[in-house]
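Thanks for coming. I will go through one model today, and I will keep to the geometry.

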Amino acid sequence: MRYKEFSPNSFLKNYVQCYFVCETDTAVFTEDKVFASGSIEIMFNLGADGPQQIKNGDLIKQPDIQLWGQTIHPFTFASFGKHSMLGIRFFAHTAACFFNEPIEQFNDQVIDYKDIAGRDAVLLHSKLVEAKSLDQRIQLVEAFLLQKLSLSANKFSRLGLVNSIMNDLTRDDFFENINSAASRYGISSRYLQKVFLNYAGITPNLFSKIARFQKSLHLVANKDLSLTTIAYQCGYFDQSHL
C-alpha cells in the first residue's frame, strides 16, 4: 500500500494538517486498529470498486466519501478492495469551521459525508474522479474547503483561544490543571469545556490525554528510548500506566 502526505496551501495550512493519498495496485485485505488521534478526516474513494468493510464475515460497501469523526474508543477496521483514496486531515479544533453540525456528534463514527454536505459533496466527488492529476484534485479540494470556510466566519472568534490552549496542553512542561489554565486566559473552566466541545468535539482533559498518547506512540515507534523513559517523558506515572 502506498501512502503519502501533502501540505495545503499557505492559507488553509492553519486549518488542514495535510492531504493524503492511499493506493494499492490490486485488491488487498487490510485490518487496522484505529486509535484516538485527535483528528477528524474526510476520505474520498476514487477507485472503481473501492474498499468494502468486513463485518461478521460479510463485505459491506463503504460510502464514496467517508467522514471519520474523533476516535475516542479504539476499534478495528477491516476492509477488502483496491484502494484509491484521497483524504483531508483537519487539526483537532479546526474541522468545526467546515461543518454546520455540532462536531461532537461525529465522535466514534464513520459517516457518509454526502448525508451532511449533500449535492456539493456529490459534485466534488465526480470532479475528483474525472481529474487527470493529483495537483488538479488537490486544487478542487482546496476550492471546496475555501468555499465552506467562507460560510463560517462566526466560528473564528474563539479559534485563536482554543489553538493557544491546545498548544499549552501539548507542551512537555505543562503541569497546570484545567481550572488554572482557564483562569490564566480570563475564562471559567466551564466556558473552556464548552468552547473545546464546540471546536474539537472533546473536552480539554481528553484532548490532553490523546496528545500524550500520540506522543508516546511516536517515541515508541522511534525505538530510541526505553518504555520507562517514554512513560516519564509523556507524563505517565510509570511504565505500567503507559
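Predicted model: local features only at pLDDT ≥ 70, side-chain atom pairs only at ≥ 80, totals over all residues.

Residues are numbered from 1 along each chain as its sequence is written, and side-chain values use heavy atoms, with hydrogens and water left out.

First, the sheet. Four strands make up an open sheet, in the order E3-E8-E5-E6, with antiparallel pairing. Strands here are DSSP runs of at least two residues, numbered from the N terminus, and two of them pair if DSSP finds at least two bridges between them. Strand E3, residues 28–34, and E6 are at the edges with a single partner strand each, so one side of each has no neighbour in the sheet. On average, neighbouring strands of this sheet are turned by 35° against each other, direction ignored; the axes behind that angle are lines fitted to C-alpha atoms.

Now the pairs in turn. E3 and E8 are antiparallel over seven bridges, and Lys33 stands opposite Thr76 in E8. E5 and E8 are also antiparallel, over two bridges, with Gln52 opposite Phe80 in E8. E5 pairs with strand E6, residues 58–61, in the antiparallel sense over four bridges, and there Gln53 faces Ile60 in E6. The hairpin of E5 and E6 has two residues between the strands, and Asn56 in it takes a positive phi near 55°.

Next, the second largest pocket. How large is its volume? The second largest pocket has a volume of about 210 Å³. A pocket here is an open set of points on a 1 Å grid over the protein atoms alone, where a 1.4 Å probe fits, with protein on both sides within 12 Å along at least five of seven lines; lining residues have an atom within 4 Å of a point. The volume is the space filled by probe spheres set on the points, which are joined across faces, edges and corners. The elements that give two or more residues to this lining are strand E5 (52–55) and strand E8 (75–81). Among the lining residues are Gln53, Lys55, Trp68, Phe75, Phe77 and Asp108. By class, the lining has five nonpolar, five polar and two charged residues.

Then the aromatic rings. The structure holds ten aromatic pairs. Rings of Phe, Tyr and Trp, the last by its six-membered ring, pair if their centres lie within 6.5 Å; planes under 30 degrees apart count as stacked, over 60 as edge-to-face and the rest as tilted. Phe11 and Tyr15 have ring centres 5.9 Å apart and planes at 35°, so this pair is tilted. Trp68 and Phe77 are tilted as well, with centres 5.1 Å apart and planes at 55°.

On accessibility, buried means under 20% relative accessible area, exposed over 50%, and partly exposed in between, with a 1.4 Å probe and protein chains only. Both Trp68 and Phe77 are buried. Tyr15 is buried at 10%, whereas Phe11 is partly exposed at 46%. Phe11 and Tyr15 also belong to one aromatic cluster with Phe90 and Phe98.

Last, Ser7. This residue sits in the loop between strand E1 (2–6) and strand E2 (16–23). Ser7 is exposed, at 65% relative accessible area. Its C-alpha atom is 5.0 Å from that of Cys18, eleven residues apart along the chain.

Technical notes: Nonpolar A, V, L, I, M, F, W, Y, C, P; charged D, E, K, R; others polar. Axes fitted to C-alpha atoms, helices over the stretch in contact; angles between N-to-C directions.
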